[in-house]
Amino acid sequence: MRILLLTGSYGNGHLKVSNTLKKAFFQHGLTDVMESDLYYDSHPLLTKASKYLYIKSFNYGKKIYGLLYYGGSRNKRFFDIDIMNNYGMKKLSGMVEKWKPDIIVNTFPMPVVPELKRKTGIQIPIVNVITDFKAHKNWIHRYIDRYYVATEDLREDLINAGIPENRVKSTGIPIEPQFEQPADRNQLLATYGLTGQKPVILIATGAYGVLKDIEGVIKKILENGDYQIIVICGKNEDLKNNLSAKFSENHNVRIFGYTNKMDEMMKMATVMITKPGGITLSEGLAVQVPMLLYRAVPGQELENAKYFKKKDAAIVANRPDQLVDHVLRLIRDEQERYKLINNMKKIYSPNAADVICEDVMALVGRKQGFSRFIS
């Protein structure tokens, strides 16, 4: 069984989902997996430039990014849809012809993938693993054979949009298995030189460290109580160095760069301040750490934040003073934290990677029954 696993390196989430699925496939004995960052493999220079603009948009171009996201999510788009439908087509067609996959698993919203099927009539199942809590229009296409979605609510949204029920499965978003494994919190705290006698506030600034106002937020929190603060700066070395220098003498503050121990950080936290990316939210659901979603960028982050706010499964803040007020209230109100955790449990689906892997195997087993023309 050969699997073509497609991803995109805009942000870190899609890559993490792809890597998690690849490991799950291997654990199920499916080792013939070709992984491709399709846009980068097709047009590396243009993709590097667009990725740079994407990262900068979090600080300097939020309105432009929001315009692109929402403009591209309506029926009438202001940019040429043919560009997106064909971007990477030559590379994808070549991989399919050479690799001859039994199924294509897509973790990034790329219309070119189902468009290849529409134009050529290839009899290969195509599945989309949607990595947010609301689906952008680029995920949706009549030649997609299965959608794996985060929640039952999103499943109903797709069905209401005309997708046949049997093509949409509520599986959750794949996350690394360590987030779903229990841990001894006191032991973790001791490992990191922290104590269980004081609340722990985790601040996750994103993979590229783009969350703003962090220094001021830390100072305001510390002025209001004896709290421990962990800051994850991602790949932003300037932010890490600046905060490390500012708080070097404060033993209640721990500053980290990019880490592969995010599960441990979350399991120690009393509350977490984070950007509302789909993968981080899914990891938070698994750990069941109360979350404060700060300064969501218009687009998928904002839609994720709206969903969690609607489900009363997280608290949303847009200004530093508002964020600090919410943090202090949540730290002091155990009942409020339990309410958030109980609501998180209602929308959490465990073992998403394994569930998707098993369904992919079943789809390949039935692939002879797939029709070229999908109603």
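Predicted model: local features only at pLDDT ≥ 70, side-chain atom pairs only at ≥ 80, totals over all residues.
**Entry 1: strands β3 and β4**
I started with strand β3 (residues 103-106) and strand β4 (residues 126-129), and I found three bridges joining them. The two strands run parallel. I then looked up Asn 106, and its bridge partner in β4 is Asn 128.

**Entry 2: the open sheet**
Next I wanted the order of the strands. I read it as β2-β1-β3-β4-β5-β6, an open sheet of six strands with parallel pairing. Which strands stand at the edges? They are β2 (32-37) and β6 (168-170); each has a single partner strand, so one side of each is left without a neighbour in the sheet. I noted a twist that averages 20° from one strand to the next.

**Entry 3: helices across that sheet**
I checked what lies over the strands. Helix α8 (residues 152-160) lies across β5 (146-149) and β6, and runs at about 165° to β6. Helix α17 lies across β3, β4, β5 and β6, and its angle to β5 is about 175°.

**Entry 4: Arg 146**
I picked Arg 146, which sits in strand β5. Is Arg 146 buried or exposed? I get a relative accessible area of 6%, and buried means under 20%, so Arg 146 is buried. Leaving aside neighbours within four places in sequence, I listed its contacts: among them are Ile 126, Val 127 and Asn 128, then Asn 166, Arg 167, Val 168 and Lys 169. Asp 359, Leu 363 and Arg 366 are in contact with Arg 146 too.

**Entry 5: strand β10 and its partners**
I moved on to strand β10 (residues 271-274). Val 271 and Ile 273 point one way, Met 272 and Thr 274 the other way, and all are buried. That made me recall a general point: in a regular strand the side chains alternate between the two faces of the sheet.

I found four bridges from strand β7 (residues 200-204) to β10, and the two run parallel. Ile 203 stands opposite Ile 273. Three bridges join β10 to strand β11 (residues 291-294), again a parallel pair. Thr 274 has Leu 293 as its bridge partner in β11. With helix α13 (residues 278-287), β10 and β11 make a right-handed β-α-β unit.

**Entry 6: the cores**
I looked for the largest nonpolar core and got 56 residues. Those touching the most other members are Leu 21, Phe 25, Val 105, Leu 202, Met 262, Met 291 and Phe 308. Which helix gives this core its largest share? It is α17 (residues 352-365), with six residues.

I followed up on Met 291. Not counting residues up to four places away in sequence, Met 291 touches Met 272, Leu 281, Gly 284, Leu 285, Phe 308, Ala 314, Ile 315 and Met 344. I also found a second, separate core of 30 residues, including Tyr 87, Met 110, Ala 135 and Ile 144.

**Entry 7: α15 against α16**
The axes of helix α15 (residues 320-332) and helix α16 (residues 334-347) come within 5 Å and cross at roughly 95°. I therefore call α15 and α16 roughly perpendicular to each other. On the α15 side, Arg 329, Leu 330, Ile 331 and Arg 332 make the contact; on the α16 side, Glu 334, Glu 336, Arg 337 and Leu 340 do.

**Entry 8: the whole chain**
Last, I took the totals. I count 17 helices and 12 strands in the protein chain. Of its 375 residues, 55% count as buried. Among contacts between residues at least 6 apart in sequence, 68% join residues at least 24 apart.

Key: Residues numbered from 1 in each chain as written. Heavy atoms only, no water. Core = buried A, V, L, I, M, F, W, Y, C linked by side-chain atoms within 4.5 Å. Buried < 20%, exposed > 50% of the residue type's maximum accessible area, 1.4 Å probe, protein only. Contact = heavy atoms within 4.5 Å. Pairing = 2+ DSSP bridges. Right-handed = clockwise from strand over helix to strand, strands pointing away. Axes fitted to C-alpha atoms, helices over the stretch in contact; angles between N-to-C directions. Parallel < 35°, antiparallel > 145°, perpendicular 65-115°, else oblique.
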